[in-house]
Amino acid sequence: MSPNLTQRILWALVLGGLAGVLLQSFQHTWIKDWLVDGVLLVIGKWFVALLMLMVVPLVFVSLVKGVAQLGASQQLGRLSSLTLMMYMLTTVIAIVTGLALANWLQPGAGLSLVATDVVATSPPNFVELLIAIVPSNPIAAMSQGNMLQVIVFAILFGLALSAISQQEVTMPLLTVFDALEAVLIRMVGLVMWLAPVGVFALMARSMASQGLDLLAPLLVYFFTVVLALLVHASLTYAALFRLFTGLSPWHVYRRLKEVLTVSFSTSSSAATLPVTLATTDRLGVSRQVSSFSIPLGATINMDGTAIMQGVATVFVANAYGLSLSMEDYVLVILTATLASIGTAAVPGAGLIMLTMVFMQVGLPVEGIALILGVDRLLDMMRTSVNVTGDIVVSTLVAKQLEMLDEQMFTESAQHHDVEIGHK
């Protein structure tokens with residue numbers, strides 16, 4: 001999201017909240033029937049529907065592309081498998097961290113919002129969940145929004161595409177997927193351009209029903225995400241790096257100032273790629289490793305987004321008084337982890353993936369409007385966490401494959417200390 005769009009969403013959030021409080025003070029029936037449950041409800045529903053419209057095609061196209069490119073890199077052997085394993089491991093830890101902290105701090109508890117787009121269903125048992133992952137009809141899975149089945153079909157499609165050796169067959173198809181992804185990302189941009197209107201309507205309607213009671217839970221949500229991001233970036237990455245390399249993780253952290261500045265300001269792992277690669281070069285990571293692991297990380301390593309999805313799931317469930325079963329938590333972990341492969345490395349894409357997670361566990365998608373106002377700042381933070389993870393994993397993999405210049409790795413940190421001492 002551009003700064004101007006961010007400002008418009010923030011203003012829409014504030015003005016929608018003020019309008020909702022003002023509407024709450026009026027007791028006229030026509031205001032509630034015509035404005036709150038009429039105009040505002042319709043606009044809010046349109047915005048939510050536009051968000052949901054993007055989910056299936058964007059996930060399918062992005063996943064097919066990502067898996068096809070990964071499969072085509074199988075000649076890299078141990079490098080590709082080790083890199084993929086580490087990215088998936090950190091993402092699982094990230095989503096579990098987010099869910100654990102959210103269940104401890106309970107953001108959204110005490111609210112009593114009424115969901116208008118969810119039909120209560122009994123959760124399947126674990127065996128049924130495992131059986132239901134594999135689709136028997138991918139078209140039906142897409143039409144019903146069964147995202148785990150869509151993800152499985154997309155992965156199989158991408159693997160089959162990468163296994164075809166005739167480039168005259170695969171290249172035109174990959175070109176089509178490239179074009180489709182570009183169009184879909186453009187559509188996401190158009191929908192986000194309309195986000196201030198949707199946020200205003202949804203926030204005004206929520207505040208008209210809940211009043212100022214909504215603000216405190218929203219702040220708890222914000223600080224829960226921030227805490228989870230800090231824990232993951234400072235403790236999880238450091239522990240994994242020390243465990244797998246035996247080297248000090250602080251040598252890596254000392255070199256992150258420039259790349260974190262760029263990632264924080266752009267909210268895009270893709271836009272930060274050149275700086276990320278330059279940082280791994282200064283750390284002594286072989287280009288043979290970083291030229292594969294960094295672009296792959298920008299595509300599939302979305303730890304910050306996974307954390308946000310876990311906390312947001314608990315927040316919205318609490319806000320609407322819905323309980324999550326253990327099967328639901330397993331679904332969140334599976335869906336958020338697999339969805340990280342299909343999350344585009346552009347600002348705001350995490351919200352589309354969050355829509356998918358909500359649909360998978362039966363939460364009201366309209367609940368996303370509650371967090372949109374604070375999501376820009378969180379998006380900047382989680383992108384910084386994503387990029388940090390890319391660099392840590394790349395350095396870790398380089399060490400494992402004996403492609404890390406340890407003298408350069410140590411000297412880069414010492415040189416950085418000297419630079420700080422001169423300032």
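1. Thr224 sits in helix H9; helices (H or I, at least four residues) and strands (E, at least two) are DSSP runs, numbered from the N terminus. Thr224 is buried, at a relative accessible area of 0%. Buried means under 20% relative accessible area, exposed over 50%, and partly exposed in between, with a 1.4 Å probe and protein chains only. Setting aside neighbours within four places in sequence, Thr224 contacts Leu101, Ala102, Leu105, Pro107 and Val311. A contact here is heavy atoms within 4.5 Å.

2. Basis of the values. This is a predicted model, where local features need pLDDT of at least 70, side-chain atom pairs count only at pLDDT 80 or more, and totals for chains, interfaces and linings use all residues. Residues are numbered from 1 along each chain as its sequence is written, and side-chain values use heavy atoms, with hydrogens and water left out.

3. Confidence. pLDDT is the predictor's confidence in each residue, from 0 to 100. The chain has a mean pLDDT of 78, and 79% of its residues reach 70 or more.

4. Overall make-up. The chain holds 18 helices and zero strands. Of its 423 residues, 54% count as buried. Take the contacts between residues at least 6 apart in sequence: 85% of them join residues at least 24 apart.

5. H3 against H9. How do the two axes meet? They come within 9 Å and cross at roughly 140°. Axes are lines fitted to C-alpha atoms, for helices over the stretch in contact, and angles run from 0 to 180 degrees between N-to-C directions. That angle makes H3 oblique to H9. The classes are: under 35 degrees roughly parallel, over 145 roughly antiparallel, 65 to 115 roughly perpendicular, and the rest oblique. H3 passes H9 in a right-handed crossing. A crossing is right-handed if the near helix is turned clockwise from the far one by less than a right angle, and left-handed if anticlockwise.

6. The H3-H9 contact. H3 contributes Met86, Leu89, Thr90, Ile93, Ala94, Thr97, Gly98, Leu101, Ala102 and Leu105. From H9 come residues including Val220, Thr224, Leu227, His232 and Phe244. By class, the contact has 14 nonpolar residues, six polar and no charged. Ala, Val, Leu, Ile, Met, Phe, Trp, Tyr, Cys and Pro count as nonpolar, Asp, Glu, Lys and Arg as charged, and the others, Gly among them, as polar.

7. H3 against H14. Helix H3 (residues 78-105) also packs on helix H14 (residues 303-319), at an angle of about 30° with the axes 8 Å apart. H3 and H14 are therefore roughly parallel to each other. H3 passes H14 in a right-handed crossing. The H3 side of the contact includes Tyr87, Thr91, Ile95, Leu99 and Asn103. Among the H14 residues are Asp303, Ile307, Gln309, Val311 and Val314. Here the classes split into nine nonpolar, six polar and one charged.

8. Val357. This residue lies in helix H16 (residues 349-361). Is Val357 buried or exposed? Val357 is buried, with a relative accessible area of 0%. Not counting residues up to four places away in sequence, Val357 touches Gln309, Thr313, Val332, Thr335 and Ala336. Val357 and Ala312 are 45 residues apart in sequence and 9.9 Å apart in space, C-alpha to C-alpha.

9. Ile185. Helix H7 (residues 167-193) contains Ile185. At 30% relative accessibility, Ile185 counts as partly exposed. From Ile185 to Met54 is 9.0 Å in space, C-alpha to C-alpha, and 131 residues in sequence.

10. Backbone points to check. Gln106 has phi near 55°, a positive value in a residue other than glycine. Gln106 lies in the loop between H3 and helix H4 (126-133). Its relative accessible area is 31%, so Gln106 is partly exposed. Glu402 is not a glycine, yet has a positive phi of about 55°. Glu402 is in the loop between helix H17 (369-400) and H18. With a relative accessible area of 74%, Glu402 is exposed.
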